[in-house]
Amino acid sequence: MTEAICRELASGVLAEHAAEVDRDARFPKEALAALRSHGLLSAAAPAGQGGLGADVPALARMAARLARGCGSTAMIWAMHQVQLACLLASDAGPELGAAVNRIVRDQLLVASATSEAGVGGALRRSACAVERDDPSPAARPDAGEPASTARLDKHATTVSYGLEADALLVSARRGPDSPPGDQVAVLLDAADASLETLGGWNPLGMRGTCSPALRIRAAFADWRILPVPFGDLVARVMTPLSHVLWSGVWYGLAAEAADRAAAHARGRAGTGSPPSGALAEMRWRLSAVEAQLAEAARAAQAVLTGAAEPTVAFTLLVNSLKLAASQVAVDVALAALRVCGMAGYSEDGPHSVARLVRDLLSAPLMIGNERLVAINAELALVARDR
Amino acid sequence: MSAVPARAVHGDERTPVERRLRELLARRSVLPGVIESVDAGADLWELGMESLAMVGVMVAVEDEFGVEFPDELLTRDTFRSLAVITDAVVSLTREEGPA
């Protein structure tokens, strides 16, 4: 049902604005409004809380469906689901719980600010810290809005849809004396934060994600710091879900490219020559990614619900999915480009795969594959069967 | 998870294991200047241990004590503190060793 809606929206409003969103590198506001009107922004939230209650395998399939219409929209949606899952997995107190409920109910868009200048692209290190004027914020007897006792100032290098989001999940060191790896996540209301764009946004692909560098400054109440340590949240929710849902997006983009190549080859069927063998190769490559994606999605669901632990073998599994999906999707899209020839190279026309190729070239860079290979090589030293 | 025993019961077994473990991590420069004297229950993640360093610790502990952690013990929780690692090692050596 939900997947059918995703398919319909992908071929409708998403596809309709995709070229313009891409050309102008602008936020896909029409698509996001349509997703909202179908409750899709709260897809990962439980039905009892006002969400759609989609599990990880369902979310991955939805991501793939959406990507066929507009890669940027699908990636924004996927990233938002990851942020939402992080918030839902946090054992929140009453105030944070109410804020999360409001995000689910009103389908507010949540961006992630985990990147930072000077930490070399490492998610698990922060330079900025949560700082306090008063080191021991005492409970305040006066009722009403709790005072802003903490603040942060972060130079984030890439904040996807940061200027469009209603809220931001920002990583920072726990305190000024904390080591780079002792981090917390802070949920900021965009309205309470000062966001300053540093530099422009004119990339090769995924242009609608609008992911510039931002300086984020905010003062906030203590309850906005998620109680679960950031490292645990990363291991259990953020990394596995990112890899699975991003891979869903890449799989969808590659499958769309393969379909366009097949359509192009069909149009030339009258010429007497047999179809390119690349059409067959694209299919087996896609089948392999699809199976790997489904397996990793099932494993991620078990870890998300607490039925399984994020062990070394699990981390290897989801990292391997990211490596394979990001590389194979690019290979498939480039094969589609060869099949389609100039019709594929053109930005216009039914057999264009140009935008798909450009969007997919971001895949190996999002959490750089070289870094991930280095991590998996270490993990392989202690890998055992799950 | 089931392999972690109640600590109080095996107090005498644990002390030498914990000492060897502390020396091992110090030799490997895990949290240098901290690991030598930190409380056995202290959270190593909060003290700044990093994920990749943890894999090195896993390998070193397996080699030092001649044990092999099953995958379900290869988690951040097992390697959260000297005390928890010690519990896991004691439990594995009792399962595998001559006891």
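Which feature does UniProt place at residues 6-88 of chain A? The record, an unreviewed entry, gives "domain: Acyl-CoA dehydrogenase/oxidase N-terminal" for that stretch; such annotations may be inferred rather than shown by experiment. The model here is a predicted one, where local features need pLDDT of at least 70, side-chain atom pairs count only at pLDDT 80 or more, and totals for chains, interfaces and linings use all residues. Residues are numbered from 1 along each chain as its sequence is written, chains are lettered from A and ligands numbered from 1 in the order in which they are written, and side-chain values use heavy atoms, leaving out hydrogens and water.

Over residues 6-88, chain A is 70% helix and 0% strand, with 23 Å between the end C-alpha atoms. Helices are DSSP runs of H or I with at least four residues, and strands are runs of E with at least two, numbered from the N terminus.

Further along chain A, helix α6 (residues 230-267) holds Ser247(A). With 0% relative accessibility, Ser247(A) counts as buried (under 20% relative accessible area, 1.4 Å probe, protein chains only). Beyond neighbours within four places in sequence, Ser247(A) is in contact (heavy atoms within 4.5 Å) with Ser242(A), Leu293(A), Leu321(A), Lys322(A) and Ala325(A).

Now for the rings. Over all chains, the structure holds 2 aromatic pairs (ring centres of Phe, Tyr or the six-membered ring of Trp within 6.5 Å). Phe69(B) and Phe79(B) have ring centres 5.3 Å apart and planes at 65 degrees, so this pair is edge-to-face (planes over 60 degrees apart). Both Phe69(B) and Phe79(B) are buried.

Key:
Buried < 20%, exposed > 50% of the residue type's maximum accessible area, 1.4 Å probe, protein only. Phe/Tyr/Trp six-rings, centres within 6.5 Å; stacked < 30°, edge-to-face > 60°.
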